[in-house]
Amino acid sequence: MRGWPPGGRRFHATETNAVSTPEFCIRPTTTPVATNVRQEILDNPGFGQYFTDHMAHVRWTKTDGWHGAELRPYGPLTMDPASPVLHYAQEIFEGLKAYRHADGSVWSFRPTRNAARFRQSARRLALPELDDDTFVESIRTLVAQDAVWVPTPRDETEECSLYIRPFMIANGRFLGVKPAAEVDYYVIASPAASYFKGAGKPISIWLSSHYNRAAPGGTGAAKCGGNYAASLVAQQEAIDNGCEQVAFLDAAENKWVEELGGMNLFFVYADGRLVTPALTGTILEGVTRDSVLKLAEEIGLKPEERPISVDEWRDGVNSGTITEVFACGTAAVITTIGALVTEKDTIGDPERSNGPVAQQLRKALLDIQYGRAEDKHGWLTQLA
Ligand code: COI
């Protein structure tokens with residue numbers, strides 16, 4: 001059996017991540033999804049509903065470190081009911097995508113950025129760090145094996161890809177509140193179309209006035225399940241008020257705009273500034289957010305990372321100083337926000353059309369991701 005680490009050597013991830021890349025032991029499924037069923041799924045995948053034939057797995061124990069890298073058939077996990085992830089939510093995850101280019105090859109976008117954020121999240125959740133090479137190799141191994149699951153866009157407007165979800169969970173059997181000594185890392189993948197039902201249409205956002213997503217010193221900057229669990233009651237309020245997403249303000253003053261339930265926010269100003277809330281430790285450091293900041297400069301915008309209050313949002317939209325607002329994230333890509341709905345007013349127009357700046361940035365980003373524009377930043381990594 002091909003195994004890892006080579007010769008049974010253990011490692012503990014460090015800041016430099018200088019470890020050898022593992023070779024995953026491949027255990028292919030004997031019951032892959034039938035070709036015609038898979039094709040039907042790929043024709044209309046929705047978001048996060050269907051999964052490919054395999055998943056990657058690496059195990060960690062306090063005594064043996066990371067070991068046993070394998071690719072195995074996608075399927076249910078067996079866990080002890082006293083497994084700590086089920087009780088104390090010691091869990092982190094990532095989201096990235098694989099894109100099929102016109103020549104049939106498959107690429108991912110800035111995977112080492114996700115790897116670095118995954119290590120950062122691990123540190124915050126007292127989980128072991130996985131080195132970047134293993135993170136990328138786990139994705140490459142899964143996507144190479146399940147490459148037939150990567151959708152082919154019908155034209156340049158179609159947004160379809162393979163959404164990749166790496167995650168790490170605390171495992172074992174104990175009820176004491178302490179970091180787990182057994183951990184499992186998995187990667188699953190799901191063919192995906194647009195995250196929002198309107199496929200590229202502007203969305204409305206609900207302003208949460210009763211709930212905050214993150215507090216100073218909390219886990220807001222980590223991509224952990226607990227942050228998303230805590231956002232769900234506010235997300236339900238958004239849906240009940242006819243909105244697609246919820247916006248959160250800071251916990252200290254209930255004044256500063258932070259982020260949406262699952263994506264970052266940008267404001268386009270009439271004078272060419274592009275403002276996004278600064279990373280204060282309570283906001284997730286989005287990979288798309290960072291890419292937008294870089295692309296914005298290239299199209300002549302002046303990016304600013306700074307605090308922005310909900311009053312500035314309201315006044316700016318009402319006076320015309322703010323001409324567009326958009327959400328961005330791996331799942332959301334770049335989606336125009338038509339209106340912010342609060343308990344007392346509606347800021348903007350839910351019926352507005354896509355803003356030109358959001359559209360230009362979205363095209364610039366997608367053109368790189370799908371190999372239609374030069375990858376000047378070296379953001380793409382070939383997977384298959
Ligand atoms: C992503 O964009 O990858 C996320 O994890 C956000 C979630 C709304 C799907």
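Author: The chain is divided into domain 1 (9-193) and domain 2 (203-369). These bounds come from an automatic or database domain assignment. The model is predicted: local features need pLDDT of at least 70, side-chain atom pairs count only at pLDDT 80 or more, and totals for chains, interfaces and linings use all residues. Residues are numbered from 1 along each chain as its sequence is written, and side-chain values use heavy atoms, with hydrogens and water left out.

Reader: How do you know which residues of domain 1 and domain 2 take part in the contact?

Author: Contact means heavy atoms within 4.5 Å. By that rule, 22 residues from domain 1 and 25 residues from domain 2 take part.

Reader: What is the buried area between domain 1 and domain 2?

Author: Buried area is the accessible area (1.4 Å probe) that two parts lose on being put together, summed over both. For domain 1 and domain 2 it is about 2000 Å², with 53% of it on carbon and sulfur atoms. In domain 1, Phe93, Phe109 and Arg117 lose the most area to domain 2. Together they make up 29% of what that side buries.

Reader: Why is the pair Glu159 and Arg362 called a salt bridge?

Author: A salt bridge needs a side-chain nitrogen of Lys or Arg within 4 Å of a carboxyl oxygen of Asp or Glu. In Glu159 and Arg362, the closest N and O atoms are 2.8 Å apart. That is within 4 Å, so the pair counts. Between domain 1 and domain 2 the count is four salt bridges.

Reader: Why is Arg362 called buried?

Author: Buried means under 20% relative accessible area (exposed is over 50%, partly exposed in between; 1.4 Å probe, protein chains only). Arg362 has 16% relative accessibility, so it counts as buried. Arg362 lies in helix H8 (residues 356-369). Helices (H or I, at least four residues) and strands (E, at least two) are DSSP runs, numbered from the N terminus.

Reader: Is Glu94 buried or exposed, and why?

Author: Glu94 is at 0% relative accessibility, so it is buried. Glu94 sits in the loop between E4 and E5.

Reader: What makes Glu94 and Arg117 a polar contact?

Author: A polar contact is a pair of N or O atoms within 3.5 Å; within protein, one must be able to donate a hydrogen and the other to accept it, and residues adjacent in sequence count only if both atoms are side-chain atoms. The side chains of Glu94 and Arg117 are joined at 2.7 Å.
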